[in-house]
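Try each task first, then follow the solution step by step.

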Amino acid sequence: MDSATVLKYFQEITRVPRESGHEGPITEYLQKFAEDHGLACKTDKTGNVVITKPASKGKENVPTLVLQAHQDMVCEKKAGFEFDFLTQPIPYEIEDGWMVAKNTTLGADDGIGIAACLALLDSKLPMGKLECLFTISEETGMDGAFALEPGFFEGSTLINLDSEDEGQLFVGCAGGIDTTATFEFHREALKKGYKTLKVSVLGGQGGHSGDDINKGRCNAVRELVRFLFTELQYDFQLITLEGGNKPNAICREAYAIIAVPADEAEEMQADVKAFSDILSAEYATSDPAVHAACEECSCSEKPIEEGEAANIIATLLACPHGVERMSADIPGLVETSTNLAAVHIKDNVLTVITSQRSSVVSELHAMAEKVEAAFFLGSFDAEHHGEYPGWKPNLKSHILEKSVAAYKKLFDKEPEVKAIHAGLECGLFLEKFPHLDMISFGPTLRGVHAPGEKLELASLDKFVAHLNEVVLNFE
């Protein structure tokens, strides 16, 4: 296996639709790959796939190795960019040593893991028995990992290929839970002589709500309600509020449609301009393109009742977002966090999507309860769902020892051994298969879960060399 073959398969995968919850095309692609290569393949009722490559001659006594990646991807695009993830191939460019999708997510999370598996399955290199496990809907609740049944794969050593920093070996991850809140409101008549305006926060960098939550990036919903809360001293009506998408992505863009007295419209636009200057100054390093905008618009919807609108704005501003606690044991590791991910309105119901993470179960529950408490104070209904366990590090792991030795042999330096604040399926695997010995590593990705996601090609070369060394010399 070489990096050119891995890249070839990944380029093929970018042409296969695989949004979370719509993995049918990629599942069929994997099944056809197995058929074309004469490999055993099985698919469970959930859509998880295992492709098995028998041991090479002379390698029959090598323990079975499981390689694992997830089939789905986070589908995000820039506002105004016309694109359908269910029918169109991902548009990407090769630029300055990176493979990048400028207007959408690239799907290297975790398409590059799938591609590495396929390249190994396709190779004639001497290795022991290989089982490649491809799970579904990892990004929206780890549905595939939750649904795995005993006996679906046989190996007791697993390499997860869903990490994003070459040279780092991950042996632990955070657990998580989502909290969704709803508020049913009433509408009132548009006041006479009022003009409707669209106020937006745009250009945020966004990113992964685990890996990037400690980078101080702009949360567009949070900043928008910050502005609206300040403006509550003036006489405006809130008509709608929208922003964000996935629970595991930091909100990049949000907007509100408001109504103001016609003779105060220019003053409101000036306030937005001043707020835009504040955002530019505050986020000059982390989000250099972030700004606020205001434009006249037409809207047939009636405004939200004044008191309920004020309650919505205040509750959202009070809702926690960001890092709650750093680990006292592992320097630089976020221990607990929460993400105010998205706000949507439909049929007079406002829905707020949030996501909490922690490597400590008690702290995870406490963080979720803190978020729930903020909604309770605003008379929202809140419920928790989609909880998944963390992965406790095992520093005496056999596959860790082999992976560290392989990296040192290839690159004459020690890899970093770390835990990650993002959620990996390994915690669920360990719950279902307690005998598993696991590790996670991958090439360098940046901007995952946001438009502009990119893969560093030089890191892909090193990742492939490392994976080859581990797989071919595993014993």
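## Exercise 1: a residue in a loop

Beyond its neighbours within four places in sequence, asparagine 219 is in contact (heavy atoms within 4.5 Å) with Ile250, Cys251, His321, Asn339 and Leu340. This is a predicted model, in which local features need pLDDT of at least 70, side-chain atom pairs count only at pLDDT 80 or more, and totals for chains, interfaces and linings use all residues. Residues are numbered from 1 along each chain as its sequence is written, and side-chain values use heavy atoms, with hydrogens and water left out.

Task: find where asparagine 219 is placed, and decide whether asparagine 219 is buried or exposed.

Solution. Start with the place: asparagine 219 is in the loop between strand 10 (194-202) and helix 5 (220-231). Helices (H or I, at least four residues) and strands (E, at least two) are DSSP runs, numbered from the N terminus. Next, take the relative accessible area of 2%, which makes asparagine 219 buried (under 20%; exposed is over 50%, partly exposed in between, with a 1.4 Å probe and protein chains only). Finally, look at one of the contacts, His321: asparagine 219 and histidine 321 are 102 residues apart in sequence, and their C-alpha atoms are 8.5 Å apart in space.

## Exercise 2: a helix pair

Task: describe how helix 1 and helix 3 pack.

Solution. First, the geometry: helix 1 (residues 3-13) and helix 3 (residues 108-122) pack at an angle of about 125°, with axes 8 Å apart. Axes are lines fitted to C-alpha atoms, for helices over the stretch in contact, and angles run from 0 to 180 degrees between N-to-C directions. Helix 1 and helix 3 are therefore oblique to each other (angles under 35 degrees count as roughly parallel, over 145 as roughly antiparallel, 65 to 115 as roughly perpendicular and the rest as oblique). Then turn to burial: 14 of the 15 residues of helix 3 are buried.

## Exercise 3: backbone angles

Solution. Begin with the peptide bond from aspartate 109 to aspartate 110, which is cis with omega near 5°; aspartate 110 is in helix 3. Serine 137 has a positive phi of about 50°, and phi of aspartate 412 is near 55°. Now compare accessibility: serine 137, at 4%, counts as buried, whereas aspartate 412, at 71%, counts as exposed.
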